[in-house]
Amino acid sequence: MRRHTLLYSILLLALPSCLEAQADSLQFIRIMAISQEIRAVHAPDRRVKQWVIEPVAAAGTWILRGYTTEPAARASFFDALQKAGIETRDSIEILPSATLGERRFGLANVSVTNNRYEPRQAAEMATQMTLGMPLEVLKKQGGYYLVRTPDGYISWTEDLMVALKTRAELSAWNQGKRLVYTDYFGHAFAMANEDSPIVSDLVAGNILKQTGEAKGYYMVAFPDGRQGFIPKKSAMPWEKWLSSRKPAVQPVENTARTMMGTPYLWGGTSLKGVDCSGFIKTAYFLQGLIIPRDASQQAGIGEVVDVLDKDTVSLDKALRNLRQGDLLFFS
């Protein structure tokens, strides 16, 4: 009888802990359900808006950790939690992070970067950036920066790939003499001589700062201050390049045709490798036009061409209405 009494006492002592754990689990589920509802309204597309929240139980309450680019989402979240009677403590960071100080901007610092959806090497590749691309820096985590590119895309890149700038420093860079690299592939050299050591590889669309000229070469500066020389025949001054761009059907098609044979790379948006939508984006970019990154985003711009007859593609309508340069999207 003593043994049974002891077991019964242990069960009675353990019961409150079990019930408490069960209650915590149920509250966790409720918090996450509300979080998902908030995400669906305020940040449904992680490519352009961030909502990353983690509830942590602590001393009879919940600490809500994480970050978001949407202040209205945080406000709605806590309103919903209060109505649900869930006690919480706010530790959600609004981006850009205050820990970045004034250096909340930057420039891509290498010829091509690989950006990912999460701050780790094994994460899915999201997009790429090219040298000299201006960025909004949102957050630092470990050895990665969360950045927003000019097309509005948000992704993680290694910190060494970004030269941080203040708003004033970025403005000074943009107002200075800039060059656009126009050869599809090439190098910046340590001296005005192609036999000198290589400072960096380069691809078409890379942007550098012109600091001088020498012997048929431009002297250039990288965003992080590195110096080099590139052949004048391989680059154009920014203003001249911009005025020579023709974001029209034939020039874009001509550029696209020169990219035939570029390796396929999931997440690629450069001449080192492209995916399907990256191929389109890069062809337009090299003609001076920035369009959205992904096919589902690209399908939402421009004019709709009618190719349907009773919800079915009509070959006759397609042949009548489609024109050279139109983009076709498949669900």
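Helices here are DSSP runs (H or I, at least four residues), numbered from the N terminus. This is a predicted model, where local features need pLDDT of at least 70, side-chain atom pairs count only at pLDDT 80 or more, and totals for chains, interfaces and linings use all residues. Residues are numbered from 1 along each chain as its sequence is written, and side-chain values use heavy atoms, with hydrogens and water left out.

I noted that helix 5 gives the most to that lining, with 5 residues. A pocket is an open set of points on a 1 Å grid over the protein atoms alone, where a 1.4 Å probe fits, with protein on both sides within 12 Å along at least five of seven lines; lining residues have an atom within 4 Å of a point. I read a volume of about 1,200 Å³ for the largest pocket. Of its 35 lining residues, G325, D326, L327, L328 and F329 are the closest to the centre.

Next I turned to the helix pair. Helix 5 (residues 249-258) and helix 6 (residues 276-285) pack at about 125°, their axes 8 Å apart. The axes are lines fitted to C-alpha atoms over the stretch in contact, and angles run from 0 to 180 degrees between N-to-C directions. I also found V252, T255 and A256 of helix 5 meeting F279, A283 and Y284 of helix 6, with contact meaning heavy atoms within 4.5 Å.

Technical notes
Helices (H or I, at least four residues) and strands (E, at least two) are DSSP runs, numbered from the N terminus. Grid points are joined across faces, edges and corners, and a volume is the space filled by probe spheres set on the points.
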